[in-house]
Amino acid sequence: MAHILVTGGAGFIGSNFVHHLIDNTDHTITVLDKMTYAANAASLEGLPESRFKLVVGDIADRELADELVGKAGAVVHYAAESHNDNSLSNPEPFIHTNLIGTFSLLEAVRKHGTRYHHISTDEVFGDLELDDPAKFTETTPYNPSSPYSSTKAGSDLLVRAWVRSFGIEATISNCSNNYGPYQHIEKFIPRMITNRLRGVRPRLYGDGLNVRDWIHVRDHNTAVWDILMKGRIGETYLIGADGETNNRDVVAILNELMGYAPDDFDHVTDRPGHDLRYAIDNSKLVTELGWEPQFTNFRDGLADTIAWYTENEAWWAPLKEAVEAKYAAEGH
Ligand code: NAD
Ligand code: DAU
């Protein structure tokens with residue numbers, strides 16, 4: 001598996017994965033990325049040319065996917081349209097990338113017999129009640145709510161069918177909400193941090209009681225690596241680090257860390273179909289593969305993330321105006 005194809009490697013989680021591989025392994029890496037609005041070439045700056053190459057292209061381009069998959073020992077598929085709010089305003093790119101793009105990769109993987117790991121989300125399971133003691137497990141039925149999560153659910157089902165019908169060597173992981181460096185500022189935590197840095201109060205959708213199960217992006221990626229190396233073919237693994245926190249509490253911690261009163265935020269209109277709560281039972285990953293999260297203190301992880309956005313304003317400042325104009329048009 002000396003050469004790894006990472007799709008979506010110029011986005012948030014994929015770029016962190018590429019850095020992890022460069023720093024901790026001796027594999028060579030090709031990133032296939034369409035460089036949509038969500039990509040940032042600066043996230044991949046300074047990587048050694050002898051081990052890293054960026055190919056700008058669409059995963060749905062069958063010829064290109066075939067060529068690159070054919071040269072790789074393994075494919076880790078991060079590329080996606082990833083933002084729920086965008087999927088509500090325009091679902092079409094989600095169908096193209098998440099469904100047709102995944103199909104394109106699976107056909108190439110089938111032809112070349114390449115090991116494939118599919119990155120997915122806990123949102124495929126729908127949501128849980130706030131007072132439900134249950135968490136999502138690998139056997140929770142699929143019940144997605146948004147155009148984004150339904151296309152991710154569809155892509156997971158394609159992978160399962162290609163394993164069963166064609167015997168491809170694939171694994172799937174479904175992870176909870178990530179935070180950390182290189183996350184696009186349309187997403188909740190970096191939006192709130194960069195709003196604060198611009199003197200704008202945080203904005204909570206609805207009552208702000210929705211719960212997300214936060215995990216540091218580096219913990220997500222060590223789990224992905226363990227699954228790629230040690231996971232059983234055809235299996236699904238849920239990735240989470242017991243980080244359940246409601247949105248109000250996230251903002252309260254950010255406010256305190258940035259020198260404001262915990263309740264210094266505004267409420268804005270809710271997201272249509274807004275999932276209430278996500279929660280991951282990670283027992284299979286922990287007991288079967290021996291994975292352990294390293295970033296177990298959420299407050300410390302947020303402090304590091306605030307420091308990263310403060311020190312890397314050049315990375316996000318060119319995006320801020322357009323992101324906020326889009327939110328303003330949606331009443332957010
Ligand atoms: P992101 O939006 O930051 O990055 C996605 C990347 O995919 C971008 O670089 C984009 O240019 C690229 N891309 C989009 N369409 C493409 C196409 N047709 N061809 C090639 N490249 C294309 O997303 P992210 O937050 O890093 O998420 C990565 C993966 O992890 C996604 O599959 C997402 O569903 C999954 N996931 C995300 C989270 C989270 O909290 N962000 C949690 C669980 C799972
Ligand atoms: O659960 C995993 C999923 O987490 C991933 O599959 C998605 O790719 C990723 O975007 C994320 O989805 P969410 O919809 O949970 O993330 P988002 O950052 O958009 O919002 C997190 C929570 O914060 C959600 O309850 C909505 C709320 N929110 C968001 C924004 C942008 C606000 O209250 N205010 C905001 O301004």
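Is Y182 buried or exposed in this predicted model? Y182 is buried, with a relative accessible area of 18%. Buried means under 20% relative accessible area, exposed means over 50%, and partly exposed lies in between, with a 1.4 Å probe and protein chains only.

The model is predicted: local features need pLDDT of at least 70, side-chain atom pairs count only at pLDDT 80 or more, and totals for chains, interfaces and linings use all residues. Residues are numbered from 1 along each chain as its sequence is written, chains are lettered from A and ligands numbered from 1 in the order in which they are written, and side-chain values use heavy atoms, with hydrogens and water left out.

**View 1**
Y182 sits in the loop between β7 (178-179) and α6. Helices (H or I, at least four residues) and strands (E, at least two) are DSSP runs, numbered from the N terminus. The phi angle of Y182 is near 70°, a positive value in a residue other than glycine. M35 is not a glycine either, and has a positive phi of about 55°. The loop that holds M35 runs between β2 (28-33) and β3 (52-56). M35 counts as partly exposed, at 28% relative accessibility.

**View 2. The surroundings of ligand 1.**
Ligand 1 is surrounded by 28 residues. A residue is near a molecule or strand if one of its heavy atoms lies within 4 Å of it. The closest are I13, D33, S82, Y148 and K152. Polar contacts, pairs of N or O atoms within 3.5 Å, are shown next; within protein, one atom must be able to donate a hydrogen and the other to accept it, and residues adjacent in sequence count only if both atoms are side-chain atoms. A side-chain N or O atom of K152 is 2.6 Å from an oxygen atom of ligand 1. A polar backbone atom of I13 is 2.8 Å from an oxygen atom of the ligand. For a polar backbone atom of N178, the distance to a ligand oxygen is 2.9 Å. Ligand 1 taken alone exposes 840 Å², and the protein buries 97% of that. Accessible areas come from the Shrake-Rupley method with a 1.4 Å probe; for residues, only the protein chains shown count as cover.

**View 3. Make-up of the ligand 1 shell.**
α1 (12-24), β5 (115-121) and α5 (147-166) each supply at least two residues of the shell. β5 gives the most, with three residues. By class, the shell has 13 nonpolar, eleven polar and four charged residues. Ala, Val, Leu, Ile, Met, Phe, Trp, Tyr, Cys and Pro count as nonpolar; Asp, Glu, Lys and Arg as charged; the others, Gly among them, as polar.

**View 4. The surroundings of ligand 2.**
Of the 25 residues around ligand 2, D122, Y148, R191, R271 and H274 come nearest. A backbone N or O atom of S82 lies 2.8 Å from an oxygen atom of ligand 2. From a polar side-chain atom of E123 to a ligand oxygen is 2.9 Å. A side-chain N or O atom of N247 is also 2.9 Å from an oxygen atom of ligand 2. On its own, ligand 2 has 690 Å² of accessible area, of which the protein covers 94%. The shell holds eight nonpolar, nine polar and eight charged residues. α6 (188-197) and β8 (203-205) each supply at least two of the shell residues.

**View 5. Helix α7.**
α7 (residues 217-230) has 14 residues, which at 1.5 Å a residue should span 20 Å; its end C-alpha atoms are 20 Å apart, in agreement. The expected span is 1.5 Å times one less than the number of residues. Ten of the 14 residues are buried, so α7 is largely enclosed by the rest of the structure. Among them are H220, W225 and I227.

**View 6. The kink in helix α11.**
α11 (residues 313-329) has a kink of about 45°, centred on K320. The bend at a residue is the angle between axes fitted to the seven residues ending there and the seven starting there. K320 is one of the buried residues of α11, which also include W315 and W316.

**View 7. T102 in helix α4.**
T102 lies in α4 (residues 92-112). At 1% relative accessibility, T102 counts as buried. The side chain of T102 reaches the backbone oxygen of N98 at 2.7 Å.
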